[in-house]
Structure formats: structure tokens, C-alpha cells
Amino acid sequence: MNPTLRNTLLEEAVQLFQTRGISSLSLEQIMQALDISPATFREMFRDKEDLVLQVTQHDIERQKREHAELFKTVDNAVARLLSLLEMGIRDLRKVKSPEYFSDLIQDFPQAWELGQQHLAEYSTPQLQGLLNEAILHKSMRGDINIALVAKIIIEQLYMVLNEQIFPPSRYDTAEVFRSVYLYYVRGLCTEEGLKAASGYFARM
């Protein structure tokens with residue numbers, strides 16, 4: 001199978017799921033929306049669950065590429081952290097379906113677990129490294145417990161996605177994400193760090 005076609009289909013599937021949800025779409029509706037035949041689908045995916053798993057992996061790799069490109073141009077740790085926050089807000093604003101995350105959690109546990117693994121093995125060490133670098137450059141307070149703060153940042157993500165706390169029908173997930181992290185990160189910064197990141201805070 002042409003890898004370009006696979007990537008195109010996975011990108012289209014990400015947009016489809018984020019717009020219309022996952023569980024409510026039948027396999028026939030998915031194939032129709034992606035404009036592929038059953039034979040082509042079976043050549044690429046075992047079933048709907050495998051498609052969702054591959055879509056999740058594809059989006060994780062996309063995030064990693066974007067982070068690598070960002071880090072080539074932004075060398076300040078606080079600015080990097082806030083840039084990652086901006087990316088997170090942007091990504092969440094792409095999710096139009098209020099059922100998207102609950103579908104993943106309830107009906108596609110392998111894909112959800114892949115996301116949790118990504119947070120544990122990639123996002124957490126990344127956060128710890130940025131926090132440590134910011135402390136060394138006196139952009140963040142020296143009394144920060146790096147492991148604990150990184151844990152809090154990750155756990156806040158689960159809080160943002162918890163529909164019992166922030167029902168999508170009442171709260172915009174991207175705005176909740178922004179409100180939670182923007183003010184928390186500001187509280188971690190020193191005066192020097194606040195000055196360096198003032199442009200980020202102003203536009204968020």
C-alpha cells in the first residue's frame with residue numbers, strides 16, 4: 001500500500017472522528033467518508049478498532065514532529081512550554097464532536113491506552129526536562145518539585161477531559177485547557193520568566 005495514501009487516509013480519519021465522533025459512525029459510513037472501497041480498507045486495517053488505533057498513533061507522531069520543529073526555533077524553556085500549550089489549545093479546538101474523547105475512553109481502550117503510554121513515556125519526561133531547564137535559567141521558581149509539577153500538569157489534562165467536571169455541552173474544552181494551564185504556568189514563573197514569556201501570555 002502506498003504510504004502517502006495511508007497517511008492521507010489517516011489524516012482524513014482524524015478530522016472525521018474529531019468532527020463527527022467515532023462510536024456513532026458505522027464502518028460503511030467511515031469508508032464512504034474516506035472514499036475507499038471495502039477491499040482497500042481491509043488491505044490497510046483489520047477492523048474499525050485497528051483504524052482508530054492507527055489514527056491515534058498517526059496523530060501522536062504528528063505531534064512529535066511538530067515539537068521537534070518547534071524546538072529548532074524556540075530555545076527558551078518557558079517559551080517552549082507555552083508553545084506546547086498553544087499547540088494543545090489549537091489541537092483541542094479542532095475537536096468539534098463532544099463525544100470524541102468519551103468514545104475513545106469507553107469504546108476504544110487500546111487507542112486510549114496508547115495515548116496514556118505517550119503521556120507517560122514522552123510527555124512527562126519532556127515536561128520534566130523543560131521545568132528543570134527553566135529552573136536552571138531562573139525563569140521558574142527554584143523551589144519547584146519537578147516530578148510533582150509534571151505529574152500535576154498531566155493530571156490536569158485528565159481533569160479537563162472529565163465530562164463530569166466539564167461537560168462539553170456547557171464548557172468549551174479548549175478554553176478550559178487554556179484557563180487551567182495558562183494561569184498555572186504563570187504561577188510557576190519568576191519575574192524574569194514572566195517578562196520573557198509576556199508575549200505568549202498576552203495572546204493566550
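At what angle do helix 1 and helix 4 pack, and how far apart are their axes? The views below come from a predicted model, in which local features need pLDDT of at least 70, side-chain atom pairs count only at pLDDT 80 or more, and totals for chains, interfaces and linings use all residues. Residues are numbered from 1 along each chain as its sequence is written, and side-chain values use heavy atoms, with hydrogens and water left out.

**View 1. Packing of helix 1 against helix 4.** Helix 1 (residues 3-20) and helix 4 (residues 48-73) pack at about 100 degrees with axes 9 Å apart; helix 1 is therefore roughly perpendicular to helix 4. Axes are lines fitted to C-alpha atoms over the stretch in contact, and angles run from 0 to 180 degrees between N-to-C directions; 65 to 115 degrees counts as roughly perpendicular. Helices (H or I, at least four residues) and strands (E, at least two) are DSSP runs, numbered from the N terminus. From helix 1, R6, N7, L10, E11, A13, V14 and F17 meet L51, V52, Q54, V55, H58 and D59 of helix 4, contact being heavy atoms within 4.5 Å. Seven of the contact residues are nonpolar, three polar and three charged. Ala, Val, Leu, Ile, Met, Phe, Trp, Tyr, Cys and Pro count as nonpolar, Asp, Glu, Lys and Arg as charged, and the others, Gly among them, as polar.

**View 2. The largest cavity.** The whole structure has one cavity of 30 Å³ or more, and the largest cavity holds about 920 Å³. Of its 39 lining residues, Q63, G88, H118, L119 and L157 are closest to the centre. Helix 7 (109-136) gives the most to this lining, with ten residues. By class the lining has 24 nonpolar, ten polar and five charged residues. On a 1 Å grid over the protein atoms alone, a cavity is a set of points where a 1.4 Å probe fits but cannot get out, a pocket is an open set with protein on both sides within 12 Å along at least five of seven lines, and lining residues have an atom within 4 Å of a point. Grid points are joined across faces, edges and corners, and a volume is the space filled by probe spheres set on the points.

**View 3. The second largest pocket.** This pocket has a volume of about 180 Å³. Its lining consists of E11, V14, Q15, Q18, H58, D59, R62, R65 and K94, with helix 1 and helix 4 each giving two or more residues. One lining residue is nonpolar, three are polar and five are charged.

Terms used
Parallel < 35°, antiparallel > 145°, perpendicular 65-115°, else oblique.
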